[in-house]
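Let's walk through this protein chain together.

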Amino acid sequence: MTTVYVHNNNQSQTIKCSDGSQGVMRIHNDDVAPHYDFKFYGHAHLGFWLDQDQFHDGEAVVVKGVLDCDDFQLHFVK
């Protein structure tokens with residue numbers, strides 16, 4: 001499982017992972033609630049998005065692709 005370190009400050013930001021990879025989390029504000037879009041540099045991991053109800057410290061995410069599967073856990077940092 002890869003830990004994704006993210007700030008809980010409701011802003012788009014660069015993210016770092018426990019395996020040394022990096023990426024970006026962008027916040028998209030829809031009509032009702034924001035969703036959080038995670039993309040990783042160099043295709044190190046599969047991208048994913050979470051809605052507001054899923055975005056919390058310790059959230060475990062399994063992302064299934066055609067040929068691969070990634071397990072993530074969010075960890076909020078200060």
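## Charges

The protein chain carries 5 positive and 11 negative charges, and their mean positions lie 8 Å apart. Here Lys and Arg count as positive and Asp and Glu as negative, with His and the chain ends not counted. Each charge is placed at NZ of Lys, CZ of Arg, CG of Asp or CD of Glu.

## About the model

This is a predicted model, in which local features need pLDDT of at least 70 and side-chain atom pairs count only at pLDDT 80 or more, while totals for chains, interfaces and linings use all residues. Residues are numbered from 1 along each chain as its sequence is written, and side-chain values use heavy atoms, leaving out hydrogens and water.

## Overall fold

The protein chain has 0 helices and 7 strands, where helices (H or I, at least four residues) and strands (E, at least two) are DSSP runs numbered from the N terminus. Its radius of gyration is 12 Å, which agrees with the value near 12 Å for a compact globule of 78 residues. That radius is taken over C-alpha atoms, and the globule rule is 2.2 Å times the number of residues to the power 0.38. Along the principal axes, the C-alpha atoms fill a box of roughly 35 × 30 × 20 Å.

Of the 78 residues, 37% count as buried, meaning under 20% relative accessible area, with exposed being over 50% and partly exposed in between (1.4 Å probe, protein chains only).

## The nonpolar core

Which residues touch the most other members of the largest nonpolar core? Among its 17 residues, they are Val4, Met25, Phe38, Phe40, Phe48 and Phe55. Strands β1 (2–7), β2 (13–17), β3 (22–29), β4, β5 (48–51), β6 (60–64) and β7 (69–77) each supply at least two residues of this core. Such a core is a set of buried Ala, Val, Leu, Ile, Met, Phe, Trp, Tyr and Cys residues joined through side-chain atoms within 4.5 Å.

Phe38 belongs to strand β4 and counts as buried because its relative accessibility is 0%. Leaving out residues up to four places away in sequence, Phe38 touches (heavy atoms within 4.5 Å) several residues, including Val4, Met25, Phe48 and Phe55. Phe48, with neighbours within four places set aside, contacts Tyr36, Asp37, Phe38, Phe40, Val61, Val63 and Phe72.

## A histidine in β4

His35 is found in strand β4 (residues 34–40). Is His35 buried or exposed? At 19% relative accessibility, His35 counts as buried. Beyond four places in sequence, its contacts include Arg26, Asp30, Trp49 and Asp51.
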